[in-house]
Structures are given as structure tokens and as C-alpha cells.
Amino acid sequence: MNRFIDLNADLGEDDSLAGMARDIAIMDVVSSCNIACGGHAGSPDTMRAMLEAAKAKNVSAGAHPSYPDRDNFGRVSMTIDPMDLKGNLLGQVRTIKTIAAEVATRITHLKPHGALYNDAQDNETLADILIEIANMEQLALVGMAGSAVDKRARENGIRIIAEAFIDRRYTPHCRLTPRTEKGAVITDDAERIKQGLALARGNPISTSHNQSKIIQAETLCLHSDSDGAVVTARAMRNALENEGIAVVAPAL
């Protein structure tokens, strides 16, 4: 069983007053965050607000780049020239790093968003693009254990942070169930906490086809746009700490 675990959340994706307030509230609970940097969501103003809050609350801040597809919130796979994609993603990462420097904080890691995240787990071309950017920008990389991202990062000496999700159902192949499938998002708070505890303990979880699989994780993700996200975040942290599992950002 892990004695330490990171809790992370994807933030800066909703620029409404309510969305910003929710994200800042979640930072009272999580130990790291991934901030949208323009590909699927986010603006200089939201990036700055999230970075300032993360700095004030001692939350490790990461870049959360995406396919350049705001219309679909980065949740649709794209066919795009690899060099063009690399240039776009690098621009996203450097934009948020510039703003981080302006507020006297730093970006520690890179976690791709949405379809790019999912595609890269089994596509070495996409994985290599992320590895190259992480190497160029001296960032750790967040991805799934046993994936192409994990494999290529280890081969290239890039710090990889294995991630699992408390509010998403997995396939028997240890990948996220597509959001288009019924039950892909776990909406019941008790089920979210149950899965999160199992992941932190290194115990099997039930997949979408009722198989049991162990998903290795150093960090657990909470989606800020899930219903009841702040309540879930607080309940998850309390449950972990009650089990003697400390919530801390990964050592980088």
C-alpha cells in the first residue's frame, strides 16, 4: 500500500466566476494541479489566476496542453502533422511557463489533456512528442503505467508520474472507458471514494466488463468539472488520511 499519494485536478478550464471559484476551492484539497494552457481551454487570465492560487496554496502546478481544438474541448482525436502538433503543444507549454515566471512560481510537470492524453498512451509517435517537449522544458510527464508514454519516458530518462482516475471507469486493458460509453464517468461519490482508496492501496478495481485489474498510481486525478467535484475532493482526501496515506505532491 502507498503511504504517500498525490491528488491532482485539471483546472483553469472554466473561466466563469463559479468555475474559477470552484477550481480555487479544490486547491485547498489537492497537492498538484494541471492548468489548461490554451489548446482546449484557458487564457492568459485564467492561467495567471490559477498559478497565483497554486503558489499561495503551495500546490504543484503543471501544464495541461491539448490538441488545438477548443470547439470539442480537446476530447476528439485529431489527425495532425506531428511537427505541427509538437510546435503547437510547445507553444502552449511555453505560454504558461512565461506566465508562471511572471508570478514567481514554476511549472513542474506536463499532463496532456483529453483525446491527446488517451491517444498518446498507445501511440509512440504522440508519446515521443510529449517526451521531447518534457525533455526540452525540463518537466516531469504524467501518464498511465504500462503505456507507451511510460515506456518511452523511462527509455529517455524522463521522470514519469503514473496516474489513475477516481471518477472514470477503466476497460479490461487498463485504459479509460470512452466517455461515449454509458457509465464511463463514475457519478456516485461513494463509488469514487471506493475506487480512489483501492488505487491508493494498490488493490484491484472493477473494470467496465466486471474484471479486476490493478492500476499502478503515484497520483490520483479528480476532474474539476465532474458534478460535486469539491465535495468529492474533500471526501477523498479525508478517506486517504484516515487510512494513514499522506497526500503530497510527487518528489521531482
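**Exercise 1. How do the residues of the lining of the largest pocket divide into nonpolar, polar and charged?**

Solution. 
- The model is predicted: local features need pLDDT of at least 70, side-chain atom pairs count only at pLDDT 80 or more, and totals for chains, interfaces and linings use all residues. Residues are numbered from 1 along each chain as its sequence is written, and side-chain values use heavy atoms, with hydrogens and water left out.
- On a 1 Å grid over the protein atoms alone, a pocket is an open set of points with protein on both sides within 12 Å along at least five of seven lines. Lining residues have an atom within 4 Å of a point.
- Ala, Val, Leu, Ile, Met, Phe, Trp, Tyr, Cys and Pro count as nonpolar, Asp, Glu, Lys and Arg as charged, and the others, Gly among them, as polar.
- Take the lining. It has 25 residues, and Gly114, Ala115, Asn118, Arg168 and Arg179 lie nearest the pocket's centre.
- Divide by class: 8 are nonpolar, 8 polar and 9 charged.
- Helices (H or I, at least four residues) and strands (E, at least two) are DSSP runs, numbered from the N terminus.
- The largest pocket holds about 370 Å³ of space. Grid points are joined across faces, edges and corners, and a volume is the space filled by probe spheres set on the points.

**Exercise 2. Which residues line the second largest pocket?**

Solution. 
- Start with volume: about 170 Å³ for the second largest pocket.
- List the lining: Ser31, Ala54, Lys55, Asn58, Val59, Ser60, Ala61, Thr105, Arg106, Thr108 and Ala249.
- Assign elements. Helix H2 (44-57) and strand S3 (60-64) each give two or more residues.
- Split by class: 4 nonpolar, 5 polar and 2 charged.

**Exercise 3. Which residues lie closest to the centre of the largest cavity?**

Solution. 
- A cavity is a set of grid points where a 1.4 Å probe fits but cannot get out.
- Count. The structure holds 1 cavity of 30 Å³ or more. The largest cavity contains about 70 Å³ of space.
- Locate the centre. Asp6, Ser32, His109, Val142 and Ile161 are the closest of the 14 lining residues.
- Strands S1 (4-11), S2 (32-36), S4 (107-110) and S6 (160-165) each supply at least two residues of the lining.
- Split by class: 4 nonpolar, 7 polar and 3 charged residues.

**Exercise 4. At what angle do H5 and H6 pack?**

Solution. 
- Axes are lines fitted to C-alpha atoms, for helices over the stretch in contact, and angles run from 0 to 180 degrees between N-to-C directions.
- Read the pair. H5 and helix H6 (residues 148-155) pack at about 50 degrees, and their axes are 9 Å apart.
- Classify. H5 is therefore oblique to H6. Angles under 35 degrees count as roughly parallel, over 145 as roughly antiparallel, 65 to 115 as roughly perpendicular and the rest as oblique.
- H5 and H6 make a right-handed crossing. A crossing is left-handed if the near helix is turned anticlockwise from the far one by less than a right angle, and right-handed if clockwise.
- Name the contact (heavy atoms within 4.5 Å). H5 brings Glu124, Ala127, Asp128, Leu130 and Ile131, and H6 brings Ala148, Val149, Lys151, Arg152 and Ala153.
- Split by class: 6 nonpolar, no polar and 4 charged residues.

**Exercise 5. Which residues of H1 and H2 meet?**

Solution. 
- The axes of helix H1 (residues 17-26) and H2 come within 10 Å and cross at roughly 25 degrees.
- Classify. H1 and H2 are therefore roughly parallel to each other.
- Name the partners. Met20, Asp23 and Ile24 of H1 meet Thr46, Ala49, Met50, Ala53 and Lys57 of H2.
- Split by class: 5 nonpolar, 1 polar and 2 charged.
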